[in-house]
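User: I am new to this structure. Could you take me through it in short steps?

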Amino acid sequence: MRLSTKEILEKRSNRTSINILVTGATGFIGSHICVKLLESGYNVFLIIRKNREQTAFERFKAITDWFELDPILFSKLKVFEGELEEPSLNLNSADHDFLLKNVDEIVHCAASTCFTEQKREETEKVNIFGLGNILEFAKQSRCYYFHHMSTAFVAGKTEGVFKEAIVDVDNFNNIYEETKYLGERAVSDFCRRNGIGLNIYRPSIVYGNSETGKNFRFNALYFPVKTILFLKNLYKKDIEKNKGANAQKMGVTKSSEGMIFLPIRIVQSKNGHMNMIPINYCVDAFCAIMEDSVNGGIFHLVTRDPEKLETIIEYIKRMFNIEGIRAVDVDELNKSPKNALEILFDTYIDLYKPYIKDPHIFVDDNAKEILSRHHIQCPPLTYEIFEKCMNYAIDVNWGKKLF
Amino acid sequence: MISEEAKKIANQCRHYAMCKIDYLGTGLCVAGKENHYVSYYPQGRMDIYKALANNTIPVTKGLVDIAHSCTLCGICDKQCHFITELRPMKVMHELKKYVDNYLEKGGAIVEVPSDPVVVELQKAIGEKWATNDPAITVTYSDDPCPLSPAQLPRAVVLPSSQSEVQKIVKIANKYNVPYVVRGNGMSVIGVVYTTGLVIDTNRMKSIEFDLDNWCVHVGAGVSAFDLQKEANKHGLRVNVSEPSALVCANIMCSGIFSLFNSAYGTGADTYVNAEFVDDKGEVFNLNQISAPNLSSYTKADVKLPGICTSASVKLHPMTDDEEGILIPFSTLNEALLFTRELSARRIGIAVGLIGGEYLSTFISPTKELALNAKKILTETLGIQFAVAVVGDKYDVESIRSMGKSVISNRLFRSLILGLPNIIDDEWLDILNNLKGNQKLYEILCKEEMIPLIEVALNSSPETLAKAVPNDLKEFYANLYSRPEMTDIAWLNMFRIVSARMGREKHFVPLIVYVPLDKPDVIQKMNEEFKNIADKYDIKNDFGTIVPLDLGKRAIFEYDYYIDHTDKKEIEKIQKAVMEAGAVIEKYSSTTKGVKWIRYTLNQGCCRKENLLYT
């Protein structure tokens, strides 16, 4: 190893002396980790791609504004313009040299979370080739520890218990799972050969902040809720303004109490559930493990109490004054043809189905060992948290009012 | 005093002659209908105002009459807005105002010099129907095509019969004056100019059905729209082109181009017989042993065989279960293969592959809406191309059984009538988030989805009317409450929306016969046409492919678009068209079945076999 366990512990005892390079800092998890690291006293270096409208720094600045980051912390931040998918990370030579000489640890959060097969090339470019480039950089630099953000769903189509280890998996639900799995294999092999310490973090589905409801990526849990709300408002308007002719055709009604009945059946599997964690837990857990784990390991950032689909449906019905949405088994669904609402909804959640009826039991002993020392626990997704998160989403118009 | 606003509108007239047919049921410009010269129609008045603004014509008796004959009824505003979004009424007002002011201020009416040719023509066919008044000749001197310079004719003459055409030709020969024939008094491809006589066939409007022989005898002044309308009254159909184009001129000039070519053929397939007046003023018909051989085809610029004075056009049966559908595709290759397959399997009465530009432009009543529609159709829904089919229920069932997504007429109607809401943020968001492994259009094409689309877009004539100016909203709402306005089959037969392709800018079509069994050649040509236009920064897009003769051949149209009032654009497009022509010549010398339409000009009567397989 480039540094012994003792040397790492010594180094980490003084956060202000450690320079951490973070990739994927404009992403959901990456940005939260950046802010947490800055607030914890680390020196943080970022490699960010510029876009048509904004420089690399401007892109991150917009995010820090959303976080309301203390301006003093900018003195501990350096933003470099680059692209992970390009050789030498597309850094200019001065920046490249600077980073090679100064980076101590790397937190690799950059990833494409695209599930669709049509985007295979793009996803492989980021999740495999981009990873290869940053690893090559790590090898050339003085970096002694690599923190790789993966996903619990490298478990693919396996069922039952899934351990915090590199397990052979050969069947995946989508290109994201597949490339993240291949990424884990590559990063493990690379770090071992080059004497670089390695932690792999595997979060499950991450939603907003359980304390504030704040969020800026409204996918996964949010998509279906947004769709249901859209349909509810659409037919409510039809009933209130157009005498409900269209609503009637679809079997949508409004009760005297103002409750909207939407006839939507959603398939639920008997053993399936949804493993979701809030972003604040994800980040707290990551930082605790990052600092405590010096010998490397794989860590599941998951909940031990995954939610059943019925629970989420109840939350939606309660919060939005809706009736008619039902979790049913396949036989029940096949009794009558799907209506347009069901087709729309089904198409919507098609990509997320593996996570709505997730059959895995994720073992998280490695993570728990460290997290219990820090009294970090994953809060269950209660109605209050759900409501807080959805209210925030609606307030910011599902992200449209944000940066 | 010239109004700059009116001048600007007048400059934008596209000469599509849609103001010369009653295609919206508004009635026709009364002055135009009575006086027949294009000068009396809104199109002509726009040219006259442009000429006055440029100080190229004096105030003559003819001009005063034209100005005063306008009743300011407002029909032209509705008709022209539907196609081009122009509002000609401003020009009509200003033209009257200009003439009234001129006369009030004691301006003299300039006498038109006597011309012996005109005098003799007037004696032969009536004083009213031959003139050298500049207010009239100027409206036959130019069109938006950037490829040929304008030429002011010596006179314009409007015969009412074949015998009058004979007299005109003989007088022209006697004075050694050249002549051209302008169908419907219009031209958009710049090939019908002369400094001699323009013969406008607008008065030759006879339509006589011979139902036992499945044909209709059509005078040279009958438009495609009017003929189709009459044929429909008998439950029959004719294969005709653009609604304002004249049937005889179309047949003779380049042959008929329509989606019905797929089943009804092209060239000589369209007609039973045709009558001509030759360059000596003698009559011949094509079923005459001594007649010139017009069934042949040669790759050369061919002289006009004569003036086609009438044609016996084939009539085709219709069934009461006909429906129009669209089959969307995300790639040209897939769409080409499917188009050929339909044609080879004899599925569909009308078949045509159209691009996203055509589709969005045709369905949208405004330019802005068309731009939005194109963005959503192509980028969000992934519909880059669509194969339009008109067929009976067996055709439609066959296509559905081929496993393709189908935009049914009901869905098509819902999309058109809800078009202004298609860009609604929430709706777009929902659509964008639907993108998964399945193509988005495949999901939306499911019949079960239509009720949801209808409610999401609030599809109704009133919703569509939101897209147009306030004073036209009621008109549009009434218009689109008529079922035919959203009926794919009807719209393909009458083609009243196809001229919308020239709404944003005038277009110059590149039309080529191509071998449909070689989709790679078509795609390469498509790419080369695009590259040329992109190089010159000219708007361009794939137009259409219509299969011919069981999918062995096809007609391919690619379009370049220009602002015909911008000199720089004109220069650019002249170069681009030259280069595109070289591309066509290159392919036609190496690939059998590639034929440039420029050589079919004046050979439209030929047997398609002589054109397609030689």
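User: Which strands and helix of chain B do the buried residues of helix 25 of chain B pack against?
Analyst: This is a predicted model. In it, the buried residues of helix 25 of chain B include Ile573(B), Val577(B) and Ile584(B). Their packing partners in chain B are strand 15 (506–515), helix 24 (519–535), strand 17 (553–562) and strand 18 (595–596).

User: Which residues of helix 25 of chain B are buried?
Analyst: An α-helix has 3.6 residues a turn, so residues three or four places apart point the same way. The buried residues of helix 25 of chain B are Glu569(B), Ile573(B), Ala576(B), Val577(B), Ala580(B), Ile584(B) and Tyr587(B).

User: How far does helix 25 of chain B reach from its first C-alpha to its last?
Analyst: Helix 25 covers residues 567–590 of chain B, which is 24 residues. At 1.5 Å a residue, 34 Å is expected. The model comes close to that, with 35 Å.

User: What radius of gyration does chain B have?
Analyst: Chain B spans about 75 × 60 × 50 Å along the principal axes of its C-alpha trace. A compact globule of 614 residues would have a radius of gyration near 25 Å. Chain B agrees with that, at 24 Å.

User: What share of the contacts in chain B with a separation of 6 or more joins residues 24 or more positions apart?
Analyst: Chain B holds 26 helices and 18 strands. Buried residues make up 54% of its 614 residues. Among contacts with a separation of 6 or more, the share from residues 24 or more positions apart is 74%.

User: How far apart are the C-alpha centres of domain 1 and domain 3 of chain B?
Analyst: Domain 1 of chain B is 4–104, and domain 3 is 322–504. In their contact, 11 residues of domain 1 meet 11 residues of domain 3. The domain 1 side has six nonpolar, two polar and three charged residues. The two C-alpha centres lie apart by 34 Å.

User: Which helix gives the largest share of the side of chain A that touches chain B?
Analyst: The contact takes 21 residues from chain A and 16 residues from chain B. On the chain A side, helix 7 (222–241), helix 8 (245–250) and helix 12 (340–350) each supply at least two residues. The largest share is seven residues, and it comes from helix 12 of chain A.

User: How do the residues of that side of chain A divide by class?
Analyst: Chain A gives 21 residues to its contact with chain B. By class they are 11 nonpolar, five polar and five charged.

Note on methods: Residues numbered from 1 in each chain as written. Chains lettered and ligands numbered in written order. Predicted model: local features only at pLDDT ≥ 70, side-chain atom pairs only at ≥ 80, totals over all residues. Contact = placed C-beta atoms within 7 Å. Helix = DSSP H or I, 4+ residues; strand = E, 2+ residues; numbered from the N terminus. Nonpolar A, V, L, I, M, F, W, Y, C, P; charged D, E, K, R; others polar. Domains from an automatic or database assignment. Rg over C-alpha atoms; globule rule 2.2 N^0.38 Å. Buried ≥ 20, exposed ≤ 12 C-beta atoms within 10 Å, placed from the backbone. Expected span 1.5 Å × (residues − 1).
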